[in-house]
Amino acid sequence: MVRNVLLTGVGGQGIITASTVLAQACRLAGWQVKKSEVHGMSQRGGSVNSYVRFSADEQIASPLIPEGEAEMMLAFEPLEGLRQIRQATPDAVVLVEERRIVPVTVNMPGVTYPDDVIERLVASGRRVTVVPASATAVELGESRAANMVMLGALATQIELADEIWSEAAALVLKPRALEVNLRAFEAGRQLVPAGV
Amino acid sequence: MADTAKDRREKLLLSGNEAIAHGAWEAGVRFGSGYPGTPSSEILPALNELGEVYCEWSVNEKVALEAAAGASIAGARCLVTMKHVGVNVAADPLFTMSYTGVEGGLVIISADDPSMHSSQNEQDNRHYARASKVPMLEPSDSQEARDFTMRAFELSEQFDTPVFLRPVTRICHSDGLVEVGERAEVPLRGELQKQPEKYVMIPAYARKRRVFMAERTRALVELAEHDEINREEMGDTSLGIITSGAAYTYAKEAFPEASFLKLGLVWPLSPERIRRFAEQVDRLFVIEELDPFLTEEILAMGVAVERVDESFRIGELTPARVREMIAGEPAPDTTADEDLPPRPPTLCAGCPHRSVFTLLRKLKAYVTGDIGCYTLGTLPPLQALHTCLCMGAGINEAHGMQKVRGHEAPVVAVIGDSTFTHSGITGLVNIAYNAGVSTVVIVDNRTTAMTGGQVHPGVGETLSGMPGRALDFEALARAVGVEDVRVVDPYDMAATEAALRETMASPEPSVVIARRECVLMVRERRPAPDFDADRCTRCGACIRIGCPALWAEDDGGKRPIPRINTALCTGCLMCAQVCPVDALKAPEGAQEGNQ
């Protein structure tokens with residue numbers, strides 16, 4: 001079985017770093033893995049999507065998740081989660097950061113950030129859990145570790161040993177930031193109850 | 001290598017770009033050159049990181065390819081990297097290098113960008129292979145990116161030709177598991193021999209080489225006939241698919257049971273092999289991104305291929321689009337709710353380009369733009385950039401406009417520092433030489449920002465981190481004959497406005513260098529401005545500079561009130577400088593003038 005994770009959010013949130021840690025963890029587990037995203041212009045504060053596909057037993061063909069087949073979605077920003085929600089399967093697990101990042105386009109007449117983003121995500125029927133990732137990272141004293149809080153939340157859904165996650169993080173993150181990032185990861189794991 | 005869990009743990013997780021660099025390194029490459037361009041930009045830094053290879057950011061793609069031509073003639077294996085439109089710049093040497101061939105193997109990376117994620121067009125560079133008669137390989141994942149790069153060096157030397165490798169965005173920027181090896185030490189090939197009949201393309205010699213090229217193509221067709229770089233994957237023969245590259249992965253995902261002819265070599269093709277495959281299947285489709293390149297070649301062989309709708313010629317393919325092409329099943333609707341505010345890329349908070357565009361909007365300039373982050377100046381609310389054609393075009397467009405509209409036309413060319421060195425200098429020479437009148441603004445942020453912050457000649461540091469001689473833009477502008485040359489700090493909006501007003505009014509050509517380091521390269525942040533809500537008249541002037549650190553909040557007042565996102569704010573104080581009533585101002589204790 002090939003499993004598909006869509007990570008979505010805003011350029012600059014550390015989404016590609018988080019997806020790289022996930023992909024390295026899959027490799028260390030001895031799984032097949034592919035990951036895809038777009039660099040360049042879209043990263044200037046624009047919407048960012050990263051696709052990670054992995055499987056313990058099957059070859060993976062496409063680096064893109066087939067449309068509507070993401071069974072797990074890690075939304076680093078609510079609006080971006082809602083924007084991508086139809087890429088998720090009807091019963092997908094959706095983990096969504098509660099903190100909004102308001103796009104500059106709302107300063108134009110007639111454009112507003114909807115008040116009911118989380119409600120709409122829930123109404124879509126997916127299994128939605130709100131994750132206070134930024135708030136948790138700030139409590140830990142490192143606001144930039146919110147991406148690892150999100151990844152820790154995702155780790156509740158993927159059967160990988162603790163030491164594989166920490167080994168993968170050590171491969172990707174700067175050594176001096178590793179300790180706080182691992183704490184952020186652990187905190188994220190505690191935020192999501194088992195079996196969502 | 002067998003593909004067990006243990007084997008996979010021992011592989012590397014590499015992007016296509018990193019895999020290309022690794023393949024080149026293993027193949028003993030000695031010389032790497034290129035110009036940054038999404039999605040190719042990470043290849044040369046990765047190669048440089050692996051070590052033992054001379055790597056440079058050349059001034060542009062033509063320079064990169066010509067320098068590599070020299071290194072190849074001198075016997076070294078060479079890798080040249082560029083994005084698809086970079087091949088347009090390098091096309092002049094390319095077409096004749098196909099005649100001269102190589103000594104050391106020479107591989108050109110043409111990184112194409114279907115769907116234009118970060119490009120001004122989605123040209124299909126397979127046409128360049130056919131037009132220049134240069135063989136082209138297309139990898140479909142990171143492992144093939146490494147393997148095909150190594151093979152490309154062999155083919156280059158074996159067939160005496162440059163070789164193209166064409167990855168697309170989804171190959172360059174996708175990661176996969178790659179089995180790698182050690183570097184082979186490949187010595188310089190032969191002596192530095194003078195071979196004018198091979199390297200001086202005067203007509204008498206070129207005509208002989210033209211005959212050689214035809215023989216070479218015939219030999220490559222022979223290779224395509226038998227070589228395992230192309231492969232049949234026979235499954236259910238009721239559906240046959242001829243495909244290559246990223247398109248192969250989508251087709252395989254959509255129709256895993258079908259029979260495939262997967263082409264690694266997309267030019268030249270072997271008609272024999274294609275006919276043989278076609279005969280074994282009931283229905284035959286060609287699945288390819290962008291133009292019907294393979295389709296037309298295969299139709300010309302007299303092989304019947306089923307038609308697909310022309311709409312599939314635009315943009316990237318996906319597994320669902322391939323299902324739609326072949327089975328007619330409509331792709332699932334994944335569009336977002338219509339009322340969601342879009343989140344396009346924007347100039348960063350604190351971006352020095354913002355003040356230039358704010359002022360050019362105020363001065364009602366017609367701005368001929370160029371390629372870089374500053375192209376984002378065209379988007380609302382700034383809407384202060386009005387053309388973007390190709391690298392270096394803006395300067396020449398301004399010149400042409402003012403030749404027909406006169407110097408009174410409020411035309412200003414805006415070009416970035418890296419783009420100026422790439423292909424803006426010749427335009428400036430042209431303006432001075434032809435008695436032009438244009439104002440050229442070089443938005444000099446000391447880096448190649450859009451592609452990730454690469455160094456360039458104006459910075460005076462090379463790709464390998466060595467000091468290089470810095471290009472002096474002011475001296476250069478004067479040397480080509482522009483007398484009115486000014487340098488301003490774009491964070492000082494009054495001085496920048498004065499320079500723009502004066503140069504635009506002047507009947508002489510001029511250069512305004514707006515110099516301030518890219519905010520992404522600056523570590524320290526300054527405090528956000530103080531905001532006095534009682535003074536604020538809610539005029540919206542600050543909001544209209546389009547800073548992502550400012551938003552307008554509806555607090556029940558007659559108009560929305562500005563709010564500052566202090567996490568994003570870098571303290572550039574442009575908003576304070578446009579505020580007409582000093583409701584936004586430098587924080588208490590900050591130095592006057594914000595220097």
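Me: What makes β4 (residues 70-75) and β5 (residues 88-97) of chain A a pair of strands, and in which sense do they run?

Reply: Please keep in mind that this is a predicted model. Two strands count as paired when at least two bridges are found between them, and β4(A) and β5(A) are joined by five bridges and run parallel, so the pair meets that requirement. Within this pairing, A:Ala70 stands opposite A:Ala88 of β5(A).

Me: How do you know which strands belong to the sheet, and in what order do they come?

Reply: The order is β6(A)-β5(A)-β4(A)-β1(A)-β3(A)-β2(A)-β8(B)-β1(B), an open sheet of eight strands with mixed pairing. Neighbouring strands in this sheet are turned by 20° against each other on average, with direction ignored.

Me: Why are β6 (127-131) of chain A and β1 (12-15) of chain B said to stand at the edges?

Reply: Each of these two strands has a single partner strand, so one side of each is left without a neighbour in the sheet.

Me: Where do the strands of chain A and chain B pair with each other, and in which sense?

Reply: Strand β2 (residues 32-37) of chain A and β8(B) pair in the antiparallel sense over three bridges, and in β8(B) the bridge partner of A:Lys34 is B:Gly176.

Me: Which helices lie on these strands, and at what angles?

Reply: Helix α1 (residues 15-28) of chain A lies across β1 (3-10), β2 and β3 (47-55) of chain A together with β1 and β8 of chain B, and runs at about 5° to β3(A). Helix α2 (residues 16-26) of chain B packs on the sheet, where it touches β1 and β8 of chain B, and its direction makes about 105° with that of β1(B).

Me: How many residues are in contact between chain A and chain B?

Reply: In this contact, 51 residues of chain B meet 45 residues of chain A. Among the elements that give two or more residues to the side of chain B that touches chain A are α1 (5-10), β8 (174-178) and α11 (245-254) of chain B. By class, that side has 25 nonpolar, 14 polar and 12 charged residues.

Me: Why is A:Arg126 called buried, and what does this residue touch?

Reply: A residue is called buried if 20 or more other C-beta atoms lie within 10 Å of its own, and A:Arg126 has 20 other C-beta atoms within 10 Å, so the residue counts as buried. A:Arg126 lies in the loop between α3 (117-123) and β6 of chain A, and the residues touched by A:Arg126 include A:Ile85, A:Ala88 and A:Leu121, not counting residues up to four places away in sequence. A:Arg126 and A:Ile85 are 41 residues apart in sequence, and their C-alpha atoms are 8.7 Å apart in space.

Me: How do you know that the length of helix α7 (residues 142-159) of chain B agrees with what a helix should span, and what makes α7(B) largely enclosed?

Reply: At 1.5 Å a residue, the 18 residues of α7(B) should span 26 Å, and the end C-alpha atoms are 25 Å apart, which agrees. Of these 18 residues, 14 are buried, so α7(B) is largely enclosed by the rest of the structure. Just after α7(B), B:Asp160 takes a positive phi of about 55°.

Notes:
Residues are numbered from 1 along each chain as its sequence is written. Chains are lettered from A and ligands numbered from 1 in the order in which they are written. This is a predicted model: local features need pLDDT of at least 70, side-chain atom pairs count only at pLDDT 80 or more; totals for chains, interfaces and linings use all residues. Two residues are in contact if their C-beta atoms, placed from the backbone, lie within 7 Å. Helices (H or I, at least four residues) and strands (E, at least two) are DSSP runs, numbered from the N terminus. Ala, Val, Leu, Ile, Met, Phe, Trp, Tyr, Cys and Pro count as nonpolar, Asp, Glu, Lys and Arg as charged, and the others, Gly among them, as polar. The expected span of a helix is 1.5 Å times one less than its number of residues. A residue is buried if 20 or more other C-beta atoms lie within 10 Å of its own, exposed if 12 or fewer, and partly exposed in between; C-beta atoms are placed from the backbone. Axes are lines fitted to C-alpha atoms, for helices over the stretch in contact, and angles run from 0 to 180 degrees between N-to-C directions.
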